Amino acid sequence: MKKVNGNGRGLIIYGALLLLGVLIYFYVSSMYRNEDTSYTNDRLEDDLKENRVYAVNILQNQEIPTGTVEVLFKDGTRKVYYTPDVKVTEKLIQNGNDEVSFHMLDVKRPSVLEKFLPYLIMGILFAVLIGILLAQMSGGGGGGNSKILSFGKSRARKIEETNIKFDDVAGLVEEKEELVEIVDFLSDPAKYINLGARIPKGIILVGPPGTGKTLLAKAVAGEAGVPFFSISGSDFVEMFVGVGAARVRDLFQDAKKNSPCIVFIDEIDAVGRRRGSGLGGGHDEREQTLNQLLVEMDGFDENSGIIVLAATNRVDILDPAILRPGRFDRKISVNRPDVKGREDILKVHIKNKPIGDDVDLHKIARTTAGFSGADLENLVNEAAIAAAKDNRKFINSSDIEKSFVKVGIGTEKRSRVVPEKERKITAYHEAGHAILFHELSEVESVHSVSIIPNGVGAAGYTMPLPENDNIFNTKKKMLQHIMVDFGGRIAEELIFEDVTTGASQDIKQATATARDMVIKYGFSEKVGPINYETEDEEVFLGRDLGHARAFGENVATTIDEEVKSIIEYCYSEAKKVIEANMDVLHKCAELLLEKEKIDGEEFDALFSKND
């Protein structure tokens, strides 16, 4: 006989209780369903006179004057109604028709328990059903080991020993060096305790999404060979008050039982946001959870062997109390990798993938400036998918190129039918961008130019090839980037004596850069080296209803004038450059119309032919 599992038993019990509840409901409602509220003594009197009635029964409890009247008609039908005074109805029947059979039936008055028992059973069944649903939501599954009261239990996933080591984390050399001493402490705590050293209780990993913060935390646990508790900040907070704080307590109780260990809280900004920023004030559920987290970290015994690692990309909104010494003592910045780091990450991700001889990892690393580790993993994975789709057994450079465009810009829509006039406008538009990339000294060289529409709605693209990973920008470089932004619009204006909406994103980007130059970086002589930037911070009800502007109308007018001045200067200078290279503009547009996509070498050759 096949054994019924816990989930099956739960469904059977749930169905049986539901069926029983439905039956009781119909039983209770049947007591009232037969009564006809429209039938009265007056109608009975009429029916008696018309000789339609052959029997009447009155059901009455002798202790009360009211009762229920049952009228039986000669045509076989039946009516039941309530009479407020049995004697009045009795007299009416006796005066109405002597041939009618009449009976007074004494009925026992139901006790309070008998009267309300069906409702009591219904209430109990409803409570049981709610309990089963709560147990299933909490993971009980109806299998006997109910978890109705498990809301306050920690949802942390415990891993006894991870297989990830520091060698599996590429491109984060300095970050790993900062965490080596944590591994050493967890492996040999006596060495530090004997010298009276206090290892940091908490370390917060700060960086953009996909840079490897979670992987780094797992690697620390893997190197130390200790249990690893992993939980997200959003797992603490529920709609029920006090649940988050209870889960924090339960998490640290489990950690103390398994020390030495690592507790990793991902996206800690979900629970560690600055207090006093919600409508509930100090009674806000999220704030209670944060308070409990701070208390638990303060309550650690010295050198208890519990290290709390946390990750966030919004350190600016964290409560100051969470970052003070004694809680999260250290803040490690996990940034996007440089060229060497990207190359090392690519080597890790191609380790188990067949790669063709034409794949140059160094060139890919140069091309992918600004990519995070997750972006690079996605790039290689998309290349493997492209190779499999073409029924090849290895990944070649064209697969990498396709995946680079797909990840960075969007899938090329070669099947889309584009009118010839729009193809021509797009060709000149992209040629204008490419010429400025080639001619201006502070911007990147051209990697590829295309007039193939892509998945993000762009009619084409010009992709630069970064030479280096720059730490900061210069005023000259930012001005030249604004010039490049206007290259497409200027080319449209010169060739067609008209402009299109295709440059809308370019204009938006150029305006944002110019405004940053004035209000953020102090690159305007009129405004001066003063920061007028409004804090990029969330507006919290209960603390801030808005941001007060830190400058007056005169300054605002000057800022607008300076932004406009920068835009006009860059537009004018970019136009001069394109006008000086009109032959290349025409040749590039013609080549794009012919081939749809050209690489950097083909584009550079247009200038050598022009010479």
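Analyst: Helices (H or I, at least four residues) and strands (E, at least two) are DSSP runs, numbered from the N terminus. This is a predicted model: local features need pLDDT of at least 70, side-chain atom pairs pLDDT 80 or more, while totals for chains, interfaces and linings use all residues. Residues are numbered from 1 along each chain, and side-chain values use heavy atoms, without hydrogens and water.

User: At roughly what angle do the axes of H5 and H7 cross?

Analyst: Roughly 35 degrees, and the axes come within 9 Å. Axes are lines fitted to C-alpha atoms, for helices over the stretch in contact; angles run from 0 to 180 degrees between N-to-C directions.

User: OK, the core. Which residues touch the most other members of the largest nonpolar core?

Analyst: Ile 482, Ile 559, Ile 566 and Phe 603, out of 48 residues. Such a core is a set of buried (under 20% relative accessible area, 1.4 Å probe, protein chains only) Ala, Val, Leu, Ile, Met, Phe, Trp, Tyr and Cys residues joined through side-chain atoms within 4.5 Å.

User: Which helix gives the largest share of this core?

Analyst: H18, with ten residues.

User: Now the sheet. What is the strand order?

Analyst: S12-S11-S13, open and antiparallel. S12 and S13 stand at the edges with a single partner strand each, so one side of each has no neighbour in the sheet. Strands pair if DSSP finds at least two bridges between them.

User: How many bridges join S11 and S12?

Analyst: Five. Ser 448 has Met 463 in S12 as its bridge partner.

Note on methods
Buried < 20%, exposed > 50% of the residue type's maximum accessible area, 1.4 Å probe, protein only.
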